[in-house]
Every structure is written in C-alpha cells, then in structure tokens.
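Hi everyone, thanks for coming along. I'd like to walk you through one structure today, stopping at a few side chains and helices on the way. Have a look at it first, and then we'll start.

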Amino acid sequence: GTLGALAGELERAPGPVEWEILGQVRDELGDLEGALTATRTALARAPRDAAIGRRLIALQERMGRDEEATATTAELARRLPSEVGFSTELANRQLRGGDRAAAAATIDRATIHFAHQAGALRELAESAARAGDDRRALAIRERIHKLDPTSESAIVALGEAQFQSGQKDDARRTWSALRTRAGSAVAGHLRLGEGLLDHDLFTGAIEEARSALALDAKSAAPHRLLAQIYERQRKPDAALEEWNLVLRIAGPAGSDGGDAGRRREARTHSLALLARQGRGRLDAEVHRLRSEAEAHPDDAETWLFLAEAQQRLGDGAGAMTTLRAILARGAAVGDGSGDARAAAGGGSGDARAAAIEAGFALARLLQRTGQLDEATLRLDELGRLAPGRAREAQLQMAAIALGRYDTAGALARAADAEVGADPATLVRIAELRERAGSDTLAAAT
C-alpha cells in the first residue's frame, strides 16, 4: 500500500504507461534520478507522446540539466512537428543560450510547417517578438492577416507589429480597418481611437473621437475617450471639461436611463485630476458637492462622492460623518433598524448601491483609524445584507484578523471567502494564507 511498494510493482511492468506512472511515483518519493530514468524509458517506449516529453523536459529543468532539456526539446520538435509548443520552447531556449541564429532558424522552419494554422502562427509571432526580432514577427503577423483579413485580433496584432518595427503610418492604415469591424460607425471610430491612444497617437485618437461625436452628439463615449486622451496629454482642464460632459450625459442619479457606472468613473477621474491641481481646487469641489448634496438630500450617490472628495482632501473625520449620514438616512427611509441595514432597505437600486458602497467605505476608514471592532461588525453585517459582496467583506475581515495576530480567525475567514471564488480572488486568498504562515494552504490555493 506504500509508494515504495507501488514503485516495485511498476518496475516489473513492461508498458510505457507503467513507466510513466513509475516516474511520477519516484518523483513523489524525492528520487529525481529514478524519476528521470523512468520517464526517459517511458518516452523511448512511446516516442510520440507529447505529454511524456513535456514531463521529461520539466524533470531535466528541475535537475539543472539545461543542455539535456534543450536537446530533448529539439528532438521532440523534430519528431512531433505538429506540436508548435516544442518549436517555440526550443527557440526560447536557444535565445536564452545566446544562439539567436538557431532560434531564428527554428522559428522559420515552424512558420513553414504551420503556414495555414493561425493559432500556431500566433505563438511563433509572439516568440519572435519576445526575441526582439521585429522583422520576423511582422512577417508572421502579415501571414496571419492574409489567412483571415477580417479578424479583429489579426488586424490589431499586425498593426502592433508594424508599429514596433517603426512603420507607424502602416500601422495606422492597418488599424483603420477596425472602423468597419465594429457594430456601428460610432463604435468603429471609438475602437480605432482607443487603439491609437494606446500607442500615444493623440492626434489620430482625437480625430476619431470627434468623428464619433459628430455622428452621435448625445453619446457619452466620445467624451470619455477625449477625457482619457487629455489626461494622457497632461491637459487637466480639458480632461475635466470632458468628464463633466460625461456626467451630464450620464444623467442624474436615480433617473431613467441613468448610468451609475459611467457617473462613478467620471467623478473618480475628476476628483483625481482636481487633487493633482492643488488643495484649493479640491476644496472648492468639496464645497460644491456639499451644496449639491444638501439641495438633494435623497441623492445618496452625491453624498458618497462628497465623502470621497473629503477623503482626498485629508478630512477623514468629515468623510466619516458624511458616510454615517448616508447610512442613517437610508435606515430612516427603510425600517430604521440600523445603519448598515440601509444597504438592504427600500428605495431605488442606485440608492441601495450607494448605501452599500458607503458601508464598505466607512469600514475602510474605520480600519485606517484603528477602530477595528466597529469595522469588523459593519463588514459582518454588510456581508449578510449584501450577499454579492460577502466575499469582499470576508477578505477585509480576514485582513483585520491577521493584523491583530489572530491567525486562526484570518484563515477561517479566508476559507469562507474561497467557496466559488474567481481566480483573482483566489490569488488574494493565497497571499493572505502565505502571510498567515500557512504555506501549504497557500500553495494548494
């Protein structure tokens, strides 16, 4: 029943499957030499098994036998020409070894073999680009584009390769095809404008944004793109003007057809721009937001932005007072059973969302000011009342517990957050477990 006994049984079996399993068992037992011998034998018995080949290369790498790993990769690339991964890996190894000519020859052979397979060619183009071989990468991207000239990803990648090769005019001409690939003319201009902005081609990006605006003057998207361009150009006043237009078009909180996400983005960028321009501009915005909030006391979203502006101004106490007022007002409108319960009370969806945000913002402020007991209580209640944000609440409570050296509490909260978590959240959980000293759990995550 032990691994050692299993290894003994496998050694008496003749097949490649048994030899492959024996290699894995030897690896588990810490016998890397035995694992290497068994895996090499398995590959000799099944020379076209790519999975065994990859396992052999991985073992050689772990044992520091780089030359053997390169030789094995070269042999598998020759033996299994339909497996593009071995060709790209061989080229990468040759590059690391300083043999650029050999790497180029490997990519060229594979390019010919996979001449009509766009997926394989993409891997080869990326390998050439990593090698700094812009000319080769461009040639492969051109081949991919010819295979499927209507593919947006092929258009973008070819333009990128042209741009990296210094052919900026050619890149822009290639990217111009994006206009016809979008669902509408407006979307096409915006898609091209975003691509040009990504490469700091500001003049062209502005032209595309204004073309989109000429076609649809009531759309917030062209103003959003212009705001992003002006931010990148370090033109804060022009950017602020565009973000204000985005806010105006997005509509007031709670209005029919209003866009809360777009408003939040515009407010956040505006506050960041004002903060960079000096305390005076930000202070004026705080006063403006306070007047707006007092004129519309039921507009929870404006109160929330006021709290954010106060925080950026360094007025933590004022922000905390504002956030508590949002929750108290929500509780009064609802059943009056507690601040955090405003998040689950009645009212519009926007108001409810603002109340939830206020609860989490207040919890963060409480953490920063050392009021950890109240922060934990509020997060615990928010997790129950807003199930969609329960995982976020658990992770914040885990961080609080860890800061208090309550390792068991932190790990328990992390375990609760792990159920159904997405990859990004799992990374956070693994980091938290590592900080808690549970390396085994962190690795398993």
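Let's begin with Arg-378, which is buried, with a relative accessible area of 12%. Keep in mind as we go that this is a predicted model. Where does the side chain of Arg-378 find a partner? It meets the side chain of Glu-374 in a salt bridge, 3.0 Å from N to O. Both Arg-378 and Glu-374 sit in helix H22, four residues apart, which is about one turn of the helix. Now, is Glu-374 buried or partly exposed? Glu-374 counts as partly exposed, at 24% relative accessibility. The cut-off you need here is that buried means under 20% relative accessible area, so the 12% of Arg-378 falls on the buried side.

Salt bridges can also share partners, and here is one such case: Glu-33, Arg-40, Arg-65 and Glu-68 are joined into one network that way. How many salt bridges does a search of the whole structure find? The number is 35.

Let me show you two others. In helix H18, which covers residues 279-295, Arg-288 and Glu-292 lie four residues apart, again about one turn of the helix. Their side chains meet in a salt bridge at 3.0 Å, N to O. Arg-288 is partly exposed, with a relative accessible area of 38%, and Glu-292 is partly exposed too, at 23%.

The other one is between the side chains of Arg-389 and Glu-357, with 3.0 Å from N to O.

Now let's turn to how helices pack. Two packed helices are described by the angle between their axes and the distance between the axes. Please find helix H5, residues 66-79, and helix H6: their axes come within 9 Å and cross at roughly 145 degrees. H5 passes H6 in a left-handed crossing. On the H5 side, the residues making the contact are Asp-66, Ala-69, Thr-70, Thr-73, Ala-74, Leu-76 and Ala-77, and on the H6 side they are Phe-86, Ser-87, Glu-89, Leu-90 and Arg-93. Sorted by class, this contact of H5 with H6 has six nonpolar, three polar and three charged residues.

Leu-90 deserves a moment of its own. You'll find Leu-90 in helix H6, residues 84-96. Is Leu-90 buried or exposed? Leu-90 counts as buried, at 5% relative accessibility. Leaving aside residues up to four places away in sequence, Leu-90 touches Thr-70, Thr-73, Ala-74, Ala-77 and Thr-106.

Next stop, helix H10, residues 152-164, where Gln-162 lies. Gln-162 is buried, with a relative accessible area of 8%. Which residues does Gln-162 touch, not counting those up to four places away in sequence? They are Leu-138, Gln-167, Lys-168, Asp-170, Ala-171 and Thr-174.

While we're in this region, here's something for those of you who like rings. The structure holds one aromatic pair. Phe-163 and Trp-175 form this pair, which is tilted, with 6.2 Å centre to centre and 35 degrees between the planes. Phe-163 is in helix H10 and Trp-175 in helix H11 (residues 168-175), twelve residues apart, and the pair links these distant parts of the chain. Both Phe-163 and Trp-175 are buried.

Finally, a word on the backbone. Most residues other than glycine have a negative phi. Asp-200 has a positive phi, near 60 degrees, and is not a glycine. Look for Asp-200 in the loop between helix H13 (185-198) and helix H14 (202-215), where Asp-200 counts as partly exposed at 43% relative accessibility. Arg-234 also has a positive phi, of about 60 degrees, although Arg-234 is not a glycine. Arg-234 is found in the loop between helix H15 (221-232) and helix H16 (236-250). With a relative accessible area of 75%, Arg-234 is exposed.

That's the tour, and I'm happy to go back to any stop.

Note on methods
Residues are numbered from 1 along each chain as its sequence is written. This is a predicted model: local features need pLDDT of at least 70, side-chain atom pairs count only at pLDDT 80 or more; totals for chains, interfaces and linings use all residues. Side-chain values use heavy atoms; hydrogens and water are left out. A salt bridge is a side-chain nitrogen of Lys or Arg within 4 Å of a carboxyl oxygen of Asp or Glu. Helices (H or I, at least four residues) and strands (E, at least two) are DSSP runs, numbered from the N terminus. Buried means under 20% relative accessible area, exposed over 50%, partly exposed in between (1.4 Å probe, protein chains only). Contact means heavy atoms within 4.5 Å. Axes are lines fitted to C-alpha atoms, for helices over the stretch in contact, and angles run from 0 to 180 degrees between N-to-C directions. A crossing is left-handed if the near helix is turned anticlockwise from the far one by less than a right angle, and right-handed if clockwise. Ala, Val, Leu, Ile, Met, Phe, Trp, Tyr, Cys and Pro count as nonpolar, Asp, Glu, Lys and Arg as charged, and the others, Gly among them, as polar. Rings of Phe, Tyr and Trp (its six-membered ring) pair if their centres lie within 6.5 Å; planes under 30 degrees apart count as stacked, over 60 as edge-to-face and the rest as tilted.
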